[in-house]
Amino acid sequence: GLTIPDEGVILIDGQPVNHHTIQQVRSKIAWVPQEIHLPYELVCETVMAPFELKVNQALRLDEARMYKLFHELGLDNTLYQRRMQEISGGERQRLMIALAVLLNKKILLLDEPTSAIDPQTREKMIAFLQSLDVTLLSVTHDLQFAESCHRTISISKLRDLL
């Protein structure tokens with residue numbers, strides 16, 4: 001919704017994206033950036049922050065589900081009580097993906113979701129993402145991750161279409 005297309009229409013869940021529908025469309029999407037810089041000192045503060053946003057206020061944090069997601073993503077439960085500066089980039093990525101899933105969005109936008117994790121953790125991440133019942137759009141340089149996707153579009157191929 002930040003850039004208006006020159007032609008055509010963008011549909012999300014059958015709904016056109018325009019200034020009348022943008023808030024409703026955004027309520028269906030969770031975005032996980034590659035670099036995560038948040039103003040919170042503690043992981044628990046980071047986890048709670050999205051639930052305080054107007055668009056998510058009807059949601060409540062389900063701690064049991066959060067810990068289940070932590071386990072599925074190879075995160076230790078003690079992560080919730082740690083300081084953000086004490087966790088690795090890969091832990092941050094997996095934390096933010098768990099948080100996006102906790103928000104029950106239909107669409108996840110992931111920017112380089114495997115850039116800071118080792119090959120074993122990548123396998124776990126791929127299996128986890130494939131188990132979700134969501135639409136997943138991702139940008140990646142990780143060929144193994146890309147090969148696990150149902151559909152890929154190469155930027156070089158995209159240039160040919162333009």
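1. A residue counts as buried when its relative accessible area is under 20%, as exposed when over 50%, and as partly exposed in between. This cut-off is applied below to a predicted model.

2. Seven helices and five strands make up the secondary structure of the protein. Their order from the N terminus is β-β-α-β-α-α-α-β-α-β-α-α. The radius of gyration is 17 Å, close to the 15 Å given by the globule rule for 162 residues, so the protein is as compact as a globular protein of that length. Along the principal axes, the C-alpha atoms fill a box of roughly 50 × 35 × 25 Å.

3. Of the 162 residues, 37% are buried. Among contacts with a separation of 6 or more, 62% join residues 24 or more positions apart. The exposed surface comes to about 10,800 Å², of which carbon and sulfur atoms supply 53%.

4. In the pair of Tyr 67 and Phe 70, the geometry is edge-to-face, with 5.9 Å centre to centre and 90° between the planes. Both residues belong to helix 3 (residues 63–72); being three residues apart there, they are separated by about one helical turn. Phe 70 is buried at 1% relative accessible area, whereas Tyr 67 is partly exposed at 23%.

5. Tyr 67 also pairs edge-to-face with Tyr 80, at 6.2 Å centre to centre and 80° between the planes. Tyr 80 lies in the loop between helix 3 and helix 4 (89–102), so this pair ties together parts that are 13 residues apart in sequence. With a relative accessible area of 8%, Tyr 80 is buried, because the cut-off is under 20%.

Note on methods:
Residues numbered from 1 in each chain as written. Predicted model: local features only at pLDDT ≥ 70, side-chain atom pairs only at ≥ 80, totals over all residues. Heavy atoms only, no water. Helix = DSSP H or I, 4+ residues; strand = E, 2+ residues; numbered from the N terminus. Rg over C-alpha atoms; globule rule 2.2 N^0.38 Å. Buried < 20%, exposed > 50% of the residue type's maximum accessible area, 1.4 Å probe, protein only. Contact = heavy atoms within 4.5 Å. Areas by Shrake-Rupley, 256 points an atom, 1.4 Å probe, with all protein chains shown as cover. Phe/Tyr/Trp six-rings, centres within 6.5 Å; stacked < 30°, edge-to-face > 60°.
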